[in-house]
Amino acid sequence: MNHNEQHETAHKPVKRKEMTRRQFLSYTLGGATAFMSMGAVLPMLRFAVDPLLEKKQTGAFVKVIEEGKVTSEPQQVDFKVHQVDGWYESDPKMQAYIAKGDDGKVFALSPICKHLGCTISWSGPEAPNLYHCPCHGARYTKDGKNLKVAPKPLDEYEVKVDNGWVYLGPLEPNTRV
Ligand code: FES
């Protein structure tokens, strides 16, 4: 390379890659369209998934029996609980055994056996004054204490007594035994 060529190379202007007007317009229009679409789509998306973001409504108390009718002998009560899970609403039937303890306070036990989930019953000929499970012979005391077969005590409903009525809430682990 001679001196002249060297000189030319050194002073050759750096070629910048410039955006054409057409590119500029398509980027600007594309960005604006995407932005406006998001504004329209996001509320729809929020509306579509909204029920999934809501907390499950299962914690309400249900009025089940007059307090005056509850005795120290457990009695079975049937009731329904309104549940909302996303878009799905249901009213599953529930059961409880309700009785008064030695302290005179009302308590309620779940009739679902803690062995494999059969339904127990109170005080048959095979188990006087005990809960009995027909499936594999589990036994529980009036307070729900597991005596045989089942590994855990019966679950207990949250109980509220208000204005002469007994209300049952969510199930929780047994607090009596
Ligand atoms: S399910 Fe109740 S004893 Fe097995």
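Predicted model: local features only at pLDDT ≥ 70, side-chain atom pairs only at ≥ 80, totals over all residues.
## Contacts around alanine 108

Two residues are in contact here if their C-beta atoms, placed from the backbone, lie within 7 Å. Leaving aside residues up to four places away in sequence, alanine 108 touches Ala96, Tyr97 and Ile98, along with Glu156, Tyr157, Val159 and Leu168.

## The nonpolar core

Alanine 108 also turns up in the largest nonpolar core, which has 21 residues. Ala108 is among the residues with the most contacts inside this core, and the others named are Ala96, Tyr97, Ile98, Tyr140 and Leu168.

An unreviewed UniProt entry places the feature "transmembrane region" at residues 24-45.

## A four-stranded sheet

Strands of a sheet pair through backbone hydrogen bonds, in either a parallel or an antiparallel arrangement. Which order do the strands of the open sheet follow? The 4 strands run in the order β7-β8-β9-β10, with antiparallel pairing. At the edges sit β7 (121-122) and β10 (146-148), each of which pairs on one side only.

Here is one pairing in detail. Strand β9 (residues 139-140) joins β10 in the antiparallel sense over 2 bridges. Arginine 139 has lysine 148 as its bridge partner in β10.

## Loop residues worth a look

Two residues have a positive phi without being glycine. For asparagine 129 the angle is about 55°, and this residue lies in the loop between β7 and β8 (131-132). Is asparagine 129 buried or exposed? Asparagine 129 counts as exposed because it has 10 C-beta neighbours inside 10 Å, and the cut-off for exposed is 12 or fewer.

For valine 149, phi is about 65°, and its place is in the loop between β10 and β11 (156-162). Valine 149 has 16 C-beta neighbours inside 10 Å, so it counts as partly exposed.

Histidine 82 is another loop residue, found between β2 (75-80) and β3 (83-85). Histidine 82 is exposed because 12 other C-beta atoms lie within 10 Å. The C-alpha atoms of histidine 82 and alanine 60 are separated by 8.3 Å, while the two residues are 22 residues apart along the chain.

How values were computed:
Residues numbered from 1 in each chain as written. UniProt positions renumbered as here; feature names shortened; annotations may be inferred. Buried ≥ 20, exposed ≤ 12 C-beta atoms within 10 Å, placed from the backbone. Pairing = 2+ DSSP bridges. Core = buried A, V, L, I, M, F, W, Y, C linked by C-beta atoms within 7 Å.
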